[in-house]
Amino acid sequence: STLSSSSAASDVYKRQPLSKSNKRLKLNFIKRLGRIEFALGEFTDSMGHFTEALDIARSLEDISSTGESLRYMADIHREREDYDRAEADYRKAIRIFEKEKDVSGLANSLLGLGKTYWRLSKYDEALEMISKGLESAKKLKDDNLLGTAYIDYANIFMDRGDYEQCLKYYQNAVERLMRVENYEQLGRAANNIGEVYKHLDDMDSAISSYNKSLEYSIRAENLTTVGYGHLNLSEVHAKKGNYEEAKKSAEKAYEIFSKLGEVSMIAAVHMVYGIIYGGIKDWASAESRFEKAISMMEGEGNKFDKGIIYLEYGKMFKIKGEEDLGRLKLETALEIFQGIGAQEMVSKVKEELEIKDLFKEEHGLIAKQVREIIVEEVGPMGDFVLKKQCENLTIDPDSLTPVELAPLANALGDALVMFAGKTKAKVVKDRLIRLYKKG
């Protein structure tokens, strides 16, 4: 009902003669209305009001309102994933605020541009802008702005896999935001802390953080972050095997992001459905959802999210038993993460690819050296004992890793006593330990 009343008031302003004083009143009113609509995720209406505000501000030569309107228009472009327009409007706003020495406007614009670069996985540029925005925010001693800046700063470290650093900055954000009861940004911080726990495979802590995020975001009436909360809860529930709970949260996320028109987030919902259907072995539905997610991400700027979709798709094929298709998807994810410098994700993909296969030749050489040592010291019977101990330890005698050498050396040292005596057994063990330390 509040928005309906505001719309009626807006119509009254449209009928007013546009004297300078009325222009000023109308400008202040529609800026306020635009800010409310932006917070509610009503981006089309908000863009309309800030476009109108920009025209009025320019006619009044109101430099501050011109910069503010441009900054909000850039925010809307960013949320609509129109990153070129977002960057252009942020740059215009930054020039205005620098000239006017408007520290608050400058900080918000720098942080907005930094967030845009982060969405594009341009981490160096994002760090530069957010660092500048953080310095401006510190001058103001504004806890709202500082809290937001610390969240944006932490996001970059999370994508790069530096979880210790990003948790530190998220906690800095929470401390600032709790002082001023900024539930909108607290919702963001709690959601992102949940993401860290998810990457660390601490799913219970992740669920707790996502629920806290929903609590804050609902209180702040921030529809976008409510959507993120439901999306992330659905993914974690799916990975825990709670498929019915996962579906309920996914449905809520889909409804919200469809309303907001956030393409990359709708794609993420399809990805989660892919995980769900893969979990219940409905392979056709799982493939359909993953393909839908990939199709929707074509042309979208967020490479990190693309990499995640390919990673999960590859894991699904591995579960299905189609190793070759799984490897193709995982190799695509690896290429994406290597391209944006997301080293922690590179490591995760390599684990899924069982990258140890790349070292097969090296591991084969270690196995050969182990066999040569045993046969040289003990004779042909040593080869039999080696195979038996490898079987007991469930390791491959033809492809030994350096890590496997220590337990194998101990096992052989004990087993060879009865075949070759304590002295020879100790010699074999010592030589294998030296080989382990060398590896």
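Glu312 pairs with Lys315 in a salt bridge whose closest N and O atoms lie 3.5 Å apart. The structure described here is a predicted model. Both residues belong to helix α16, which spans residues 303–320, and they are 3 residues apart, about one turn of the helix. Glu312 is buried, with a relative accessible area of 7%, whereas Lys315 counts as partly exposed at 24% relative accessibility.

Glu235 and Lys239 are 4 residues apart in helix α12, so about one helical turn separates them. The relative accessible area of Glu235 is 5%, and this residue is therefore classed as buried, the limit being under 20%. Lys239, with a relative accessible area of 33%, is partly exposed.

Side chains of opposite charge can pair when their charged atoms come close. Arg371 and Asp383 form a salt bridge through their side chains, at 2.8 Å from N to O. This pair links distant parts of the chain, with Arg371 in helix α19 (residues 360–378) and Asp383 in helix α20 (residues 381–392), 12 residues apart. Arg371 counts as partly exposed, its relative accessibility being 22%.

Salt bridges that share partners join Glu195, Lys198, Glu235, Lys239, Glu312 and Lys315 into one network. The count of salt bridges in the model comes to 36.

## Packing of α11 against α12

Two packed helices are described by the angle between their axes and the distance between the axes. For helix α11 (residues 203–220) and helix α12 (residues 223–239), the axes come within 9 Å and cross at roughly 160°. Angles over 145 degrees count as roughly antiparallel, and α11 and α12 are therefore roughly antiparallel to each other. The crossing in which α11 passes α12 is left-handed.

On the α11 side, the contact is made by Met203, Ala206, Ile207, Tyr210, Asn211, Ser213, Leu214, Ser217 and Ile218. Their counterparts in α12 are Thr225, Val226, Gly229, His230, Asn232, Leu233, Val236, His237 and Lys239. By class, the residues of this contact comprise 9 nonpolar, 8 polar and 1 charged.

## Surroundings of His270

His270 is located in helix α14, which covers residues 263–279. With a relative accessibility of 8%, His270 counts as buried. Leaving aside residues up to four places away in sequence, His270 touches Tyr254, Arg289, Lys292, Ala293 and Met296.

## Arg160 in the loop between α8 and α9

Arg160 occupies the loop between α8 (143–159) and α9 (163–179). Its relative accessible area is 30%, and Arg160 is accordingly partly exposed. When residues up to four places away in sequence are not counted, the contacts of Arg160 are Tyr123, Asp124, Leu127, Gly341, Ala342, Gln343 and Glu344.

Arg160 and Met316 are 156 residues apart in sequence, and their C-alpha atoms are 24 Å apart in space.

Definitions and conventions
Residues are numbered from 1 along each chain as its sequence is written. This is a predicted model: local features need pLDDT of at least 70, side-chain atom pairs count only at pLDDT 80 or more; totals for chains, interfaces and linings use all residues. Side-chain values use heavy atoms; hydrogens and water are left out. Axes are lines fitted to C-alpha atoms, for helices over the stretch in contact, and angles run from 0 to 180 degrees between N-to-C directions. Helices (H or I, at least four residues) and strands (E, at least two) are DSSP runs, numbered from the N terminus. Angles under 35 degrees count as roughly parallel, over 145 as roughly antiparallel, 65 to 115 as roughly perpendicular and the rest as oblique. A crossing is left-handed if the near helix is turned anticlockwise from the far one by less than a right angle, and right-handed if clockwise. Contact means heavy atoms within 4.5 Å. Ala, Val, Leu, Ile, Met, Phe, Trp, Tyr, Cys and Pro count as nonpolar, Asp, Glu, Lys and Arg as charged, and the others, Gly among them, as polar. A salt bridge is a side-chain nitrogen of Lys or Arg within 4 Å of a carboxyl oxygen of Asp or Glu. Buried means under 20% relative accessible area, exposed over 50%, partly exposed in between (1.4 Å probe, protein chains only).
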